[in-house]
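Let's take a friendly walk through a protein model and look at its aromatic rings. Have the structure open beside you as you read.

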Amino acid sequence: MIQFASVTKSYPSGSIALDDVSFEIPENDFLFLVGPSGAGKTTVLKLIMRQIMPTSGSVMVDDTEISTPQFTQVPVLRRAIGMVFQDFKILRDKSIFENIAISLTILGLSKAEIEEKVTAALDIVGLQTRADAFPVQLSAGELQRIAIARAVVGDRSIILADEPTGNLDPKTAWDIMEIFKKLEGTRTIIIATHNADIVNHMKKRVLTIIDGKLADDAKKGGYRL
Ligand code: ADP
């Protein structure tokens, strides 16, 4: 469960990124976060990752308040979260296998465990045969699949995707969305997006943020901006 209670985030510059925002996201929920550019979507994701702290209010993840200076389990929190970005953030000088394995290597897992988990992640995104390829050999859609494999590997319980289809053509965007759909119910999935077509067709929960305020929380929502 992720819970925002009256979360306000303002910056020293005076800009208010979030203004008294409250919502609850149960475990394994699938939802879209929509809103115009600058509305506060990325700020929500950064608060969940604890890259930033709220100015007031609280952020809870799995019954633990992560928005206090006393919260010391940041590495544990980050290990539970997989991120997917608009620009993929795949390391160009590493193979596909190495890109997906990075977090497991850092954790010191055995070679056999890493092999098993990376293979399972590649299986989910349908790129089993590309483990030894290098990023330059892959299309944009394939790179985003690799980014999703990297986000799910190691049994992460939360996936945060920030404009994951922003750099993709419409057909490829739908292929990527099919993968997220396949993951539905296995993890909490939050997708920040401008893609009205996808949001309208998927009929999932939609949190709409406008000017830092939660403007709408619809169960089977659409993109109404
Ligand atoms: P979105 O993801 O919906 O485009 P953001 O969450 O990135 O919106 O930004 C929300 C608001 O907060 C914007 O007005 C943005 O300019 C402001 N903002 C974001 N990060 C910073 C920062 N580090 N310093 C000052 N203002 C910021």
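**Aromatic rings and their partners**

Searching the whole structure turns up 2 aromatic pairs. Keep in mind as you look that this is a predicted model.

Start with Phe-4 and Phe-23, which form a stacked pair: their rings are 4.5 Å apart, centre to centre, with 20 degrees between the planes. Where do Phe-4 and Phe-23 lie? Phe-4 belongs to strand β1 (residues 2-10) and Phe-23 to strand β2 (residues 16-25), so this pair ties together parts that are 19 residues apart in sequence.

Now find Phe-30 and Phe-32. Their ring centres are 5.8 Å apart and their planes meet at 80 degrees, so this pair is edge-to-face. That label applies because planes over 60 degrees apart count as edge-to-face. Phe-30 is buried, with a relative accessible area of 3%, and Phe-32 counts as buried at 0% relative accessibility.

Which residue lies over the face of Phe-30? It is Lys-204, at 5.8 Å from the ring centre. Phe-30 therefore has a part in two arrangements here: the edge-to-face pair with Phe-32 and the contact with Lys-204 over its face. Elsewhere in your view, look for Tyr-11: Lys-9 lies over the face of this ring, at 5.1 Å from its centre.

Key: Residues are numbered from 1 along each chain as its sequence is written. This is a predicted model: local features need pLDDT of at least 70, side-chain atom pairs count only at pLDDT 80 or more; totals for chains, interfaces and linings use all residues. Side-chain values use heavy atoms; hydrogens and water are left out. Rings of Phe, Tyr and Trp (its six-membered ring) pair if their centres lie within 6.5 Å; planes under 30 degrees apart count as stacked, over 60 as edge-to-face and the rest as tilted. Helices (H or I, at least four residues) and strands (E, at least two) are DSSP runs, numbered from the N terminus. Buried means under 20% relative accessible area, exposed over 50%, partly exposed in between (1.4 Å probe, protein chains only). A charge sits over a ring if NZ of Lys or CZ of Arg is within 6 Å of the ring centre and within 35 degrees of the ring normal.
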